Amino acid sequence: MSAMRRDIGAAALGEARLWLGTPYRHQASLRGVGCDCLGLLRGVWRGLYGTEPEAVPPYTGAWAESAAPGSDPLTEAASRHLVPVPGSLADAVPRAGDVLLFAFRRHLPARHCALATGDGAMIHAHDGAAVTEVALTRWWRRHLTGVFRFPDSASGGRGHAELDLQPGGGEHRDQRVDGEQVDLAAHQV
């Protein structure tokens with residue numbers, strides 16, 4: 001493994017740890033104010049690369065259950081912007097900063113994401129709680145549908161964006177939280 005790859009994983013984990021304690025807020029992505037699991041991943045991306053790779057459309061809490069047959073929007077987006085980790089999911093040993101995708105029913109698409117800490121744990125946001133670090137238990141492993149890594153650059157390794165390896169180095173913008181515009185600069189932690 002290259003030094004750059006290790007640094008990206010460490011930087012992603014450092015970014016994720018900055019979000020610990022952020023309350024759960026559906027569709028939000030503001031560190032210290034609120035986020036959901038995708039909002040956490042979006043915030044880590046912004047911290048690493050500056051801007052998000054694509055706009056996220058509005059989604060409901062049950063979006064995965066209503067996805068078009070044969071589609072898997074979260075996995076498809078991860079495949080566009082992250083690097084898939086090859087190999088069997090049953091044998092997967094996620095490294096620090098790896099993105100983990102989960103489906104809660106075998107016949108449904110992935111609907112939850114988290115970041116691995118590399119020591120048998122993960123950081124995630126879930127309804128009714130704050131961003132927290134929890135054990136990557138057998139239950140979670142059974143529901144794992146994908147493992148991805150952050151690319152060398154925001155362009156997926158094609159060299160169009162420079163990577164800032166310092167946690168918190170990304171550029172942020174105002175966001176909506178529960179329907180209200182929030183100035184992120186006023187809420188930096």
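Start with the cysteines. This is a predicted model, and its disulfide count comes to zero. To see what stands behind that count, select Cys-37 and Cys-113 and show the sulfurs. The closest cysteine sulfur to that of Cys-37 is the one in Cys-113, 3.9 Å away, which is too far for a bond, because a disulfide needs the two sulfurs within 2.5 Å.

Now colour the pair by accessibility. Cys-37 is buried at a relative accessible area of 11%, and Cys-113 is buried too, at 2%.

Keep Cys-37 selected and bring up the pockets. The largest one has a volume of about 810 Å³. Its lining runs to 37 residues, and those closest to the centre are Cys-37, Leu-38, Tyr-59, Trp-63 and Leu-74. So which elements give two or more residues to this lining? Select helix H2 (37-49) and helix H3 (73-81) and you have them. H3 gives the most, with seven residues.

If you colour the lining by residue class, you get 22 nonpolar, seven polar and eight charged residues.

Next stop, H3 itself. Pick out Leu-74, Thr-75, Ala-78 and His-81, which are buried. Turn the view until you look down the helix axis: the buried residues of H3 fall within an arc of 140 degrees, so they line one face of the helix. The general rule is handy here: an α-helix has 3.6 residues a turn, so residues three or four places apart point the same way.

For the last stop, go to Asp-98, in the loop between strand E3 (83-84) and E4. Is this aspartate buried or exposed? Asp-98 is buried, with a relative accessible area of 2%. To see its surroundings, leave aside the neighbours within four places in sequence and select what remains in contact with Asp-98: Val-85, then Ala-114, Leu-115 and Ala-116, and finally Val-147, Phe-148 and Arg-149.

How values were computed. Residues are numbered from 1 along each chain as its sequence is written. This is a predicted model: local features need pLDDT of at least 70, side-chain atom pairs count only at pLDDT 80 or more; totals for chains, interfaces and linings use all residues. Side-chain values use heavy atoms; hydrogens and water are left out. On a 1 Å grid over the protein atoms alone, a cavity is a set of points where a 1.4 Å probe fits but cannot get out, and a pocket is an open set with protein on both sides within 12 Å along at least five of seven lines; lining residues have an atom within 4 Å of a point. Grid points are joined across faces, edges and corners, and a volume is the space filled by probe spheres set on the points. Helices (H or I, at least four residues) and strands (E, at least two) are DSSP runs, numbered from the N terminus. Ala, Val, Leu, Ile, Met, Phe, Trp, Tyr, Cys and Pro count as nonpolar, Asp, Glu, Lys and Arg as charged, and the others, Gly among them, as polar. Buried means under 20% relative accessible area, exposed over 50%, partly exposed in between (1.4 Å probe, protein chains only). The arc is that of the directions from the helix axis to the C-beta atoms. Contact means heavy atoms within 4.5 Å.
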